[in-house]
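The following exercises are to be worked with the sequence and the coordinates at hand. Each task is followed by a solution in steps.

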Amino acid sequence: MNDAQGSPQTVVVFGGTSEIAGALLRRLAARRARTVVLAGRDAARLEAAAAELRAAGVTLVETLPFEAADTAGHQALVDGVFDRHRDIDLALIAFGELGDQAALEADPEAAAGLARVNYVAAVSVGLAVAARMRAQGHGNLVALSSVAAERPRRSNFVYGSTKAGMDAFFRGLGDSLRGSGARVVVVRPGFVHTRMTAGLPPAPFATTPDAVAAGIVRALETGAATVWVPSILKWVMTVLRHLPGPVFRKLGER
Ligand SMILES: NC(=O)c1ccc[n+]([C@@H]2O[C@H](COP(=O)([O-])OP(=O)(O)OC[C@H]3O[C@@H](n4cnc5c(N)ncnc54)[C@H](OP(=O)(O)O)[C@@H]3O)[C@@H](O)[C@H]2O)c1
């Protein structure tokens with residue numbers, strides 16, 4: 001259960017090596033999170049993240065192999081985590097791939113693979129986690145969506161469409177959990193300086209993993225269902241969503 005201050009004590013991250021996840025976990029460790037499960041596919045990077053958390057005072061850190069594309073294994077993986085730790089306060093869906101738009105357009109199989117990780121796997125893990133949170137009667141399921149979900153751009157519409165799908169899925173899942181005690185938080189960061197965006201020119205309002213982490217912690221405190229980081233992007237995207245196609249495309253070329 002969350003502690004007396006409402007801060008999560010037991011946390012599981014799918015995509016445990018994500019830099020945004022790392023920033024959130026540092027904040028939660030400082031608020032006395034006691035148990036963290038890191039599920040990911042790179043054992044060495046997972047172990048490095050686990051060592052950092054132990055040094056920050058987290059009592060129990062477990063690392064688990066997790067391949068997002070292997071949806072057949074998700075239910076058992078999620079059930080194992082909930083069975084072993086009994087009570088999960090926060091689950092973070094942090095895995096995702098950006099891909100290269102031109103390469104994806106030229107290779108439908110690769111594009112399908114990206115959709116399988118970003119959308120299909122998010123559906124599979126999301127449903128497995130939601131069932132257990134519904135049963136335990138509490139918990140926050142936090143999903144890292146993106147501003148790219150809001151309106152597809154020519155320059156990254158394969159990635160954007162996968163995020164639009166997962167964003168819609170988690171909003172609906174949040175509605176389905178109403179009254180259960182569990183809830184969903186959909187996070188829509190803009191450009192964040194992480195491994196995923198390394199070497200790319202920063203977009204306007206580019207931000208940091210720690211700013212995203214701060215936005216998530218605020219949402220846990222306030223009960224917000226949607227988080228934009230930085231928050232101004234909510235208003236920027238409200239305008240962009242309604243721009244006529246030719247104007248939107250012109251802006252996208254800049
Ligand atoms: N950075 C941004 O500008 C930005 C903006 C909006 C939303 N987001 C979203 O935020 C989330 C975290 O991204 P980040 O910025 O923290 O980037 P990151 O550090 O590159 O994290 C991406 C995570 O996804 C994992 N992953 C990728 N493919 C996987 C697969 N097939 N199976 C299991 N794990 C897989 C990576 O694992 P490995 O360590 O094994 O590669 C890594 O843990 C992503 O969903 C991303 O779409 C990012």
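**Exercise 1. The ligand**

How far is an oxygen atom of the ligand from an N or O atom in the side chain of Arg41? Continue with Thr194 and Arg195, then describe the shell around the ligand.

*Solution.* The model is a predicted one, in which local features need pLDDT of at least 70 and side-chain atom pairs count only at pLDDT 80 or more, while totals for chains, interfaces and linings use all residues. Residues are numbered from 1 along each chain as its sequence is written, and side-chain values use heavy atoms, with hydrogens and water left out.

Step 1. For Arg41, the distance from a side-chain N or O atom to an oxygen atom of the ligand is 2.8 Å. The corresponding distance is 2.7 Å for the side chain of Thr194 and 3.0 Å for that of Arg195.

Step 2. The ligand taken alone exposes 880 Å², of which the protein buries 95% (accessible areas by the Shrake-Rupley method with a 1.4 Å probe; for residues, only the protein chains shown count as cover).

Step 3. Helix H1 (19-30) and helix H6 (157-177) are the elements that give two or more residues to the shell around the ligand. Helices (H or I, at least four residues) and strands (E, at least two) are DSSP runs, numbered from the N terminus.

Step 4. There are 29 residues around the ligand, and those that come nearest are Thr17, Glu67, Tyr159, Val192 and Thr194 (a residue is near if one of its heavy atoms lies within 4 Å). The shell divides into 12 nonpolar, nine polar and eight charged residues. Here Ala, Val, Leu, Ile, Met, Phe, Trp, Tyr, Cys and Pro count as nonpolar, Asp, Glu, Lys and Arg as charged, and the others, Gly among them, as polar.

**Exercise 2. The second largest pocket**

Which element gives the most to the lining of the second largest pocket?

*Solution.* Step 1. The volume of the second largest pocket is about 240 Å³. A pocket is an open set of points on a 1 Å grid over the protein atoms alone, where a 1.4 Å probe fits and protein lies on both sides within 12 Å along at least five of seven lines; lining residues have an atom within 4 Å of a point. The volume is the space filled by probe spheres set on the points, which are joined across faces, edges and corners.

Step 1. The lining includes Ala211, Arg218, Trp228 and Lys234. Helix H7 (209-222) and strand S7 (226-229) are the elements that give two or more residues to this lining.

Step 2. H7 gives the most, with five residues. By class, the lining holds six nonpolar, four polar and two charged residues.

**Exercise 3. Backbone geometry**

What kind of peptide bond joins Val229 and Pro230? Examine the phi values of Arg86 and Phe205 as well.

*Solution.* Step 1. Most residues other than glycine have a negative phi, and most peptide bonds are trans.

Step 1. The bond between Val229 and Pro230 is cis, with omega about -5°. Pro230 is in the loop between S7 and helix H8 (233-242).

Step 2. Arg86 has a positive phi, near 70°. Arg86 lies in the loop between helix H3 (74-85) and strand S4 (90-93) and is exposed, at 70% relative accessibility.

Step 3. Phe205 has a positive phi of about 65°. Phe205 is placed in the loop between strand S6 (182-189) and H7 and is partly exposed, at 39%.

Terms used:
Polar contact = N/O pair within 3.5 Å; in protein donor to acceptor, adjacent residues only side chain to side chain. Buried < 20%, exposed > 50% of the residue type's maximum accessible area, 1.4 Å probe, protein only.
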